[in-house]
Amino acid sequence: MTLVNFMPLDRSHPVALELLLLNLGEAAQRVAAEDVRLLVPASATDVVTALPEGSFVTADDSFGFVYANDTAAARVLVGEKPLPSAVSGTTAGVDPLVSGEAWLCGSERKVVYVGDARVESAAQTTVAELLAPQALALTMSRPFTWAIPCVPLWCPRTLAMPSPLPATRHA
């Protein structure tokens, strides 16, 4: 069985949970057809009522980052506290853990937040592509500014002439 994690890592931008709410019908069908169990926040009562009984486990979402570890998520399945016991992916016998976003979007699409702007992009992308004006222009809800410190970013002397290395003494 595969455990699919919909616990939000960031409460202000719960990407996987938002995607689950948008695709709730499809998710309910996939849960019935696949050997998966969804890990969802206990506070997401609208999600819980729409999913088939026994296809999900609810958990406290006040510290969602913990559930990204497969050993912590596996403990929730047996009714224990989500305490990680090893680095994720290193323990034999633990069910595989997949992010809810990856389970719903597949390997081609990624949803991220840049500030408060929701940006959909290819799964393999660069920061420059995410910050491109055309990517943000479609999703910006409010203007923002970048703070750049007032320091010289280029000094011709230091780039043109390397600094001499300090002398080393050998005893």
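This is a predicted model: local features need pLDDT of at least 70, side-chain atom pairs count only at pLDDT 80 or more; totals for chains, interfaces and linings use all residues.
1. Asp35 sits in the loop between helix 2 (24–33) and strand 2. Helices are DSSP runs of H or I with at least four residues, strands are runs of E with at least two, and both are numbered from the N terminus. Asp35 is exposed, because its relative accessible area is 52%; exposed means over 50%, buried under 20%, and partly exposed in between, with a 1.4 Å probe and protein chains only. Apart from neighbours within four places in sequence, Asp35 is in contact with Met1 and Thr2, where contact means heavy atoms within 4.5 Å.

2. Residues are numbered from 1 along each chain as its sequence is written, and side-chain values use heavy atoms, with hydrogens and water left out.

3. The overall layout is as follows. The protein has eight helices and six strands, and from the N terminus on they run β-α-α-β-α-β-α-β-α-β-β-α-α-α. Of its 171 residues, 30% count as buried. Among contacts in the protein with a separation of 6 or more, 50% are made by residues 24 or more positions apart.

4. Asn5 is in strand 1. Its relative accessibility is 8%, so Asn5 counts as buried. Beyond four places in sequence, Asn5 touches Ala16, Leu39, Tyr67, Ala68, Leu97, Val98, Ser99 and Gly100.

5. Phe6 is in the loop between strand 1 and helix 1. What is the relative accessible area of Phe6? The value is 0%, and Phe6 is therefore buried. Not counting residues up to four places away in sequence, the residues that Phe6 touches include Ala16, Leu17, Leu20, Leu38, Leu39, Gly100, Trp103 and Leu104. Phe6 and Ala68 are 62 residues apart along the chain, and their C-alpha atoms are separated by 9.4 Å.

6. How many aromatic pairs does the structure hold? It holds one. The ring centres of Phe6 and Trp103 are 6.2 Å apart and the planes are at 80°, so the pair is edge-to-face. Rings of Phe, Tyr and Trp (its six-membered ring) pair if their centres lie within 6.5 Å; planes under 30 degrees apart count as stacked, over 60 as edge-to-face and the rest as tilted. The pair links distant parts of the chain, since Phe6 is in the loop between strand 1 (2–5) and helix 1, Trp103 is in helix 5, and 97 residues separate them. Both Phe6 and Trp103 are buried.

7. Arg30 lies over the face of Trp103, at 4.2 Å from the ring centre. A charge sits over a ring if NZ of Lys or CZ of Arg is within 6 Å of the ring centre and within 35 degrees of the ring normal.

8. Helix 4 covers residues 70–77, and Asp70, Thr71, Ala72, Ala73 and Val76 are buried there. The buried residues of helix 4 pack against strand 1, strand 2 (36–41), strand 3 (56–59) and strand 4. Just after helix 4, Gly79 has a positive phi of about 85°.

9. The largest pocket has a volume of about 350 Å³. On a 1 Å grid over the protein atoms alone, a pocket is an open set of points where a 1.4 Å probe fits, with protein on both sides within 12 Å along at least five of seven lines; lining residues have an atom within 4 Å of a point. Grid points are joined across faces, edges and corners, and the volume is the space filled by probe spheres set on the points.

10. The largest pocket is lined by 20 residues, with Leu9, Val15, Ala16, Ser99 and Glu101 nearest its centre. Two or more lining residues come from each of helix 1 (15–22), strand 4 (97–99), helix 5 (100–105) and strand 5 (109–114). Strand 5 gives the largest share, four residues. By class, the lining has 13 nonpolar, four polar and three charged residues. Ala, Val, Leu, Ile, Met, Phe, Trp, Tyr, Cys and Pro count as nonpolar, Asp, Glu, Lys and Arg as charged, and the others, Gly among them, as polar.

11. Tyr113 is in strand 5. Its relative accessibility is 23%, so Tyr113 counts as partly exposed. Residues up to four places away aside, Tyr113 touches His13, Val15, Glu18 and Arg118.
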